[in-house]
Amino acid sequence: MFGLLKKHFSKSVKKVTEKVLEKEISGHDIDNFFSEIEIELMQDNVAVDVIDYLKKRMKEELIQKQVGRMSAREEIRTTFKNILMEIIGKEPVSIEDTINSKKAAKEPACIIFLGFNGSGKTTTIAKVASALKMKGHQPVLAAADTFRAASIEQLQHHGEKLGVPVIKHEYGSDPAAVVFDAMKYAKTKGKDVVLVDTAGRMHNDKNLMDELSKIVRVNKPDLKILVIDSLTGNDVVIQATNYDKAVNGIDGMILTKTEINEKGGSLLSATYATGKPILFLGTGQKYEDLIEFSAEKTVDELLD
Ligand SMILES: Nc1nc2c(ncn2[C@@H]2O[C@H](COP(=O)(O)OP(=O)(O)OP(=O)(O)O)[C@@H](O)[C@H]2O)c(=O)[nH]1
Ligand SMILES: [Mg+2]
């Protein structure tokens, strides 16, 4: 995560703070700081909007702040860290808590996964199903991607490997109805959670985005989770914003392929755009390659 920024951060802080000769940090010092790290932020895939926001917040916090020369470095580091935490340290959402609270009402939880084509939705659902099964839950998979060729077989393959039932209809059928049936199945069979696989769609494809809105409107899922490929660049902001709107507010996000992407920018851009927490990071193609996200750990690693 944040490979380049991490490499240059300390050096930039040092270089800039050496110039803070007075006992006060000026707007000019902050501009200098950003001119040192801006390229790294961009190369780490942090969206331009986010960089502007970071700069604005740093100025709000630091300008005219009285510091001893030695502590300017600490002031800049700590403030930068706090501002990053403001963005990515959102109140976490728990899939298990959601399942357990529905269980009390004798209802299965409905959790829908959405996102751009190929972002990793189906693989992530299989990982989540595997993890939930290991914790004693009884997931059902709903094949609500009735659009892409072979999508149903892909989900069925995971279902068979994991020993988890998959509810499906024909290709081209209404995905909202698949979810409805999967919920009915879960309820009658005493299963506690339905994980819904949806078709990949571009955030600017009106028909497919309307279809997504309908799935949500009809089935009122308990959690709506946006799956984002961490390799997405600047586009993350507009993508995340559009999905958030289409489903009347996502609840959280999962970032995939983080093991092949040293750049943490998409993480920052996505949380900046939606104000929602990251739940997990995908770290590979195997079922166990899913780790719980910790904002503190991510920021600490960056500023080590
Ligand atoms: N390296 C790596 N690959 C991943 C990860 N998550 C998913 N993938 C791979 O990404 C590719 C696409 O994954 P899918 O799960 O099919 O993505 P999807 O979002 O369901 O795709 P569509 O349904 O076509 O929109 C597959 O080759 C997965 O193995 C991850 O965390 N790391
Ligand atoms: Mg899929």
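This is a short walk through a predicted protein model, from its overall build to a few single residues.

Some ground rules: because the model is predicted, local features need pLDDT of at least 70 and side-chain atom pairs count only at pLDDT 80 or more, while totals for chains, interfaces and linings use all residues. Residues are numbered from 1 along each chain as its sequence is written, chains are lettered from A and ligands numbered from 1 in the order in which they are written, and side-chain values use heavy atoms, with hydrogens and water left out.

**The big picture**

Of the 304 residues, 53% count as buried, where buried means under 20% relative accessible area, exposed means over 50%, and partly exposed is in between (1.4 Å probe, protein chains only). Among contacts with a separation of 6 or more, 77% come from residues 24 or more positions apart; a contact here means heavy atoms within 4.5 Å.

**Two domains**

The protein is divided into domain 1 (3-88) and domain 2 (95-303), with bounds that come from an automatic or database domain assignment. Their contact takes 21 residues from domain 1 and 25 residues from domain 2. The centres of the two domains, taken over C-alpha atoms, are separated by 35 Å. Between them they bury about 2,000 Å², 67% of it on carbon and sulfur atoms; that area is the accessible area (1.4 Å probe) that two parts lose on being put together, summed over both. On the domain 1 side, Asn45, Met85 and Ile88 lose the most area to domain 2, together 31% of what that side buries.

**The sheet and its helices**

Eight strands form an open, mixed sheet in the order 3-2-4-1-5-6-7-8. Strand 3 (166-167) and strand 8 (290-292) are the edge strands, each pairing on one side only. Two strands count as paired if DSSP finds at least two bridges between them.

| Pair | Sense | Bridges |
|---|---|---|
| Strand 2 (residues 139-144) and strand 4 (residues 193-198) | parallel | six bridges |
| Strand 5 and strand 6 | parallel | five bridges |
| Strand 6 and strand 7 | parallel | three bridges |

Helix 5 (residues 95-104) lies across strand 1 (109-114), strand 4, strand 5 (223-229) and strand 7 (278-282), at about 145 degrees to strand 1. Helix 9 also packs on the sheet, touching strand 1, strand 4 and strand 5, and its direction makes about 170 degrees with that of strand 1. For these angles, axes are lines fitted to C-alpha atoms (for helices, over the stretch in contact), and values run from 0 to 180 degrees between N-to-C directions.

**A closer look at strand 6**

How many residues of strand 6 (residues 252-256) are buried? Five of the five are, so the strand is largely enclosed by the rest of the structure. In a regular strand the side chains alternate between the two faces of the sheet. Here both faces are covered: Gly252, Ile254 and Thr256 are buried on one side, and Met253 and Leu255 on the other. Ile254 stands opposite Val227, and its bridge partner in strand 7 is Phe280.

Strand 5, helix 10 (residues 236-246) and strand 6 make a right-handed β-α-β unit. From strand 6 the chain crosses through helix 11 (residues 265-274) to strand 7, again in a right-handed β-α-β crossover. Right-handed means that, with the strands pointing away from the viewer, the path from the first strand over the helix to the second runs clockwise.

**Some single residues**

Asp244 lies in helix 10 and is buried, with a relative accessible area of 17%. Leaving aside neighbours within four places in sequence, Asp244 is in contact with Gly249, Ile250, Thr274 and Lys276.

Is Arg217, by contrast, buried or exposed? At 55% relative accessibility, Arg217 counts as exposed. Arg217 sits in helix 9 (residues 206-219), and its C-alpha is 9.0 Å from that of Asn248, 31 residues away in sequence.

Two non-glycine residues have positive phi. Asn45, with phi near 80 degrees, lies in the loop between helix 2 (27-43) and helix 3 (48-62) and counts as buried at 16% relative accessibility. Gln64, with phi of about 70 degrees, is in the loop between helix 3 and helix 4 (72-88) and counts as exposed at 55% relative accessibility.

Conventions
Helix = DSSP H or I, 4+ residues; strand = E, 2+ residues; numbered from the N terminus.
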